[in-house]
Amino acid sequence: MRSSNTMDEYIDICDAHGNLTGQSELKSIIHQKGYYHHTAHVWFYTNRGEILLSQRSSKKIICPLMWDVSVAGHVDAGEAIKDAAIRETKEEIGLTISKSDLQEIGVSKCFQTYKNGIIDNEFHNTFIAELKVPLSQLTPQKEEVETLKLIPFDIFRSLIDTVGDNNNHFVPSNKSYYQFVLKTIINLQIK
């Protein structure tokens with residue numbers, strides 16, 4: 001459910017274990033008060049051993065211009081998590097996918113407080129999906145995504161290894177999350 005300001009949608013509140021409480025609130029209030037909530041993350045990879053990265057828009061309040069997950073967004077109030085993943089993929093990179101394209105790989109807790117006062121207590125419901133179209137067919141949503149790039153798994157791994165060592169490429173707090181995603185994708189491709 002979106003408010004008149006589409007950037008401030010209603011989001012369902014959950015408890016510290018990810019269970020929905022039956023209450024919802026505007027995203028701005030959720031981040032102000034630190035309520036727990038769900039997000040949907042989709043990591044796209046190619047059969048050539050590449051991963052799709054999104055550079056966060058310069059307009060983002062949290063970690064602008066950092067490279068991160070292919071697609072991510074909040075789960076709207078009353079919305080199913082897979083539906084949010086599909087909607088966010090269409091909105092952020094202009095790609096239409098279906099539920100059968102998504103493989104759920106887990107839920108990661110990401111509880112952060114930022115210097116700007118935002119308290120972001122998110123559960124990242126994480127999916128992987130094969131990218132079956134060329135990068136040129138994707139359309140970044142400028143409010144969310146500055147640009148997109150495909151990088152080989154080994155380059156992704158080396159960049160992850162230096163997160164926190166004056167490497168401003170990735171969101172520093174997400175290092176173990178990035179490692180988990182890459183390992184899962186590689187293991188899937190080996191099978």
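**Reading the model, feature by feature**

Modeller: Let's start with who touches whom. Leaving out neighbours within four places in sequence, isoleucine 151 is in contact (heavy atoms within 4.5 Å) with Gly49, Glu50, Ile51, Leu53, Phe156 and Leu159. Before we go on: this is a predicted model, in which local features need pLDDT of at least 70 and side-chain atom pairs count only at pLDDT 80 or more, while totals for chains, interfaces and linings use all residues. Residues are numbered from 1 along each chain as its sequence is written, and side-chain values use heavy atoms, with hydrogens and water left out.

Biologist: Where is isoleucine 151 found, and is isoleucine 151 buried or exposed?

Modeller: Isoleucine 151 belongs to strand S9. Strands (E, at least two residues) and helices (H or I, at least four) are DSSP runs, numbered from the N terminus. Isoleucine 151 has 7%, so call it buried.

Biologist: What about the chain as a whole: what does the secondary structure come to?

Modeller: Four helices and nine strands. Along the sequence they follow the pattern β-β-α-β-β-β-β-α-β-β-β-α-α. Of the 191 residues in the chain, 49% are buried. If you take contacts between residues at least 6 apart in sequence, 60% of them join residues at least 24 apart.

Biologist: Which residues are buried in helix H3?

Modeller: H3 runs over residues 153-161, and its buried residues are Phe153, Phe156, Leu159 and Ile160. They sit on the same side of H3, because they cover an arc of only 125° around the axis. That arc is taken from the directions from the helix axis to the C-beta atoms.

Biologist: And how do I read ring pairs?

Modeller: You describe a pair of aromatic rings by the distance of the centres and the angle of the planes. Rings of Phe, Tyr and Trp (its six-membered ring) pair if their centres lie within 6.5 Å; planes under 30 degrees apart are stacked, over 60 edge-to-face, and the rest tilted. This structure holds eight aromatic pairs. Take tyrosine 36 and phenylalanine 111: they are edge-to-face, 5.1 Å centre to centre and 65° between the planes. Tyrosine 36 is in strand S3 (residues 36-45) and phenylalanine 111 in strand S7 (residues 103-113), so the pair ties together parts that are 75 residues apart in sequence. Tyrosine 36 is partly exposed at 25%, and phenylalanine 111 is partly exposed at 36%. Elsewhere, ring pairs link Trp43, Phe156, Tyr177 and Tyr178 into a cluster.

Biologist: Which ring does the charged end of lysine 149 sit over?

Modeller: The ring of tryptophan 67, with the charged end 4.2 Å from the ring centre. The rule wants NZ of Lys or CZ of Arg within 6 Å of the ring centre and within 35 degrees of the ring normal.

Biologist: Now helix H2. What does the side chain of arginine 87 reach?

Modeller: Arginine 87 lies in H2 (residues 81-93), and its side chain gets to the backbone oxygen of histidine 74 at 3.0 Å. The arginine 87 side chain also makes a 2.9 Å polar contact with the side chain of glutamate 88. A polar contact means N or O atoms within 3.5 Å; within protein, one must be able to donate a hydrogen and the other to accept it, and residues adjacent in sequence count only if both atoms are side-chain atoms. At 16% relative accessibility, arginine 87 is buried. Aspartate 83, also found in helix H2, is partly exposed at 32%. The aspartate 83 side chain has a polar contact of 3.4 Å with the side chain of lysine 99.

Technical notes:
Buried means under 20% relative accessible area, exposed over 50%, partly exposed in between (1.4 Å probe, protein chains only).
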